[in-house]
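I opened this entry to record how the chain is put together.

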Amino acid sequence: MRREVTTTVRVKLHSLTERKARLVEREYTAFQDAVHGDDDANLYSATKQQAGKVRSNKNPRADTDQPVVLRNDCITIEHDEDTVLSSWWFKLPVYNPEKEHGDSVWVPVRVPEKDTHLFTDECIRDSELVQRDGEWYVHLVCKRSVAVADAYDDVLAVDMGAKWIAVSTLLSDRDTTFHGAEVRRVREHYKQLRKSIGKRKVRSGAKVMERLGDKESRTVEHELYQVANELIARAQERNAVIVFGDMTGLRVDNDEGRYVNDKTHKMPYAKMANILTYKAHLDGRECISVKEHNTSVTCWRCGSKNTSREVQGRLECHDCGLDDNADKNGASNIGQRAVGKDITSPLSTAGAVVAQPETQVVLEGTSGEMEPANSPEDVGLTLSEGSPRL
Ligand SMILES: [Zn+2]
């Protein structure tokens, strides 16, 4: 089967002539006016449409800058080895105030060497023009189709949690690894930093906060990529399909109430899921999600929910006597759910889990009762959010 993989390539504009710099700057400013309510802002017509969408979908705060959305049919990137100034050029749609209509400018760009193979016309999607530290960048979105294997020997089940961003268990022998405690440490560190800055009321505190926020998300993101690499390596070793618990279905009025609610809001689960899915698909490996409700309170061995977590980090089953690491227990349930072995909630009846023939997971070397796995939602990497306007 095939999966769509989305990569965002950061392309830097350089050596702009005065005229081109002015046109880019003008378009960017007009876009900000348009997303913040100015209906008369002059923009390239397709870009103006996008501004309307950003305005109605995101209702951006007045003090934020929004990336200019460039529609895919209006942009082109080309390689030109013969030009001295730059070997890559980008066609950027802008409004031309002299001609009083839409126009395009070719601007020189720098492209990371490792990404140049991604650029074919069919793969370019809607992209973004952003400004950062006085420089212009296009976040060029490329989508392509990759083949993923149909059959696997094992399941690597991933449970995302508050203590560890991921706990992974191989279904065959329950071999378990804990990943990414660092993410939590980084978050705590920045939380404390922000607190202390807030108290001292540093001049231009907002700017410092923004830098901190940027640095934190870059550090966390780096950690998430590390965790994803660890998980892929584990899956490769056992030729395993990757399955993770989908955190989006959690309710506030859950057994664990406040804890679970906090858990979903403070940790970057969606990002972890996106990165993991992306890396798995590039590796030619299927990566799917299963609903994670009750996986933390169900005994993986007998399916009973008559369990307790009185001892920190342990799950005890009052029916079969299991005493297990709680995260390992949760991951085991996720793995079982994916192959339809979940005793209390078989895949075929698990609500939102819809079986699609092309996403069926077949395990080789295991006996019978294989059920189709759920359909993975579109977990392509999302475009960046707006950044505070300074
Ligand atoms: Zn039990």
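I began with burial: of the 390 residues of the protein chain, 33% count as buried. I note that the model is predicted. I then looked up contacts with a separation of 6 or more, and 62% of these join residues 24 or more positions apart. The chain has 7 helices and 19 strands.

**Five-stranded sheet**

I looked up an open sheet of 5 strands and found the order S12-S11-S10-S13-S14, with mixed pairing. Strand S12 (176–179) and strand S14 (287–291) are its edge strands, each pairing on one side only. The twist averages 25 degrees from one strand to the next. I followed strand S11 (residues 166–170) to S12 and recorded an antiparallel pair joined by 4 bridges. In this pair, Val 167 stands opposite Phe 178 in S12.

**Three-stranded sheet**

I then traced an open sheet of 3 strands, antiparallel in its pairing and ordered S15-S16-S17. Strand S15 (307–308) and strand S17 (323–325) each have a single partner strand, so one side of each is left without a neighbour in the sheet. Strand S16 (residues 314–317) pairs with S17 over 3 bridges in the antiparallel sense. Here Leu 315 stands opposite Asp 324 in S17.

**Helices across the sheets**

I recorded helix H6 (residues 269–282) as lying across S11, strand S13 (240–246) and S14, at about 145 degrees to S14. Helix H7 (residues 326–338) lies across S16 and S17 and runs at about 85 degrees to S17. H7 also lies across strand S10 (154–159), S11, S12, S13 and S14, running at about 130 degrees to S10.

Conventions. Residues numbered from 1 in each chain as written. Predicted model: local features only at pLDDT ≥ 70, side-chain atom pairs only at ≥ 80, totals over all residues. Pairing = 2+ DSSP bridges. Helix = DSSP H or I, 4+ residues; strand = E, 2+ residues; numbered from the N terminus. Contact = placed C-beta atoms within 7 Å. Axes fitted to C-alpha atoms, helices over the stretch in contact; angles between N-to-C directions. Buried ≥ 20, exposed ≤ 12 C-beta atoms within 10 Å, placed from the backbone.
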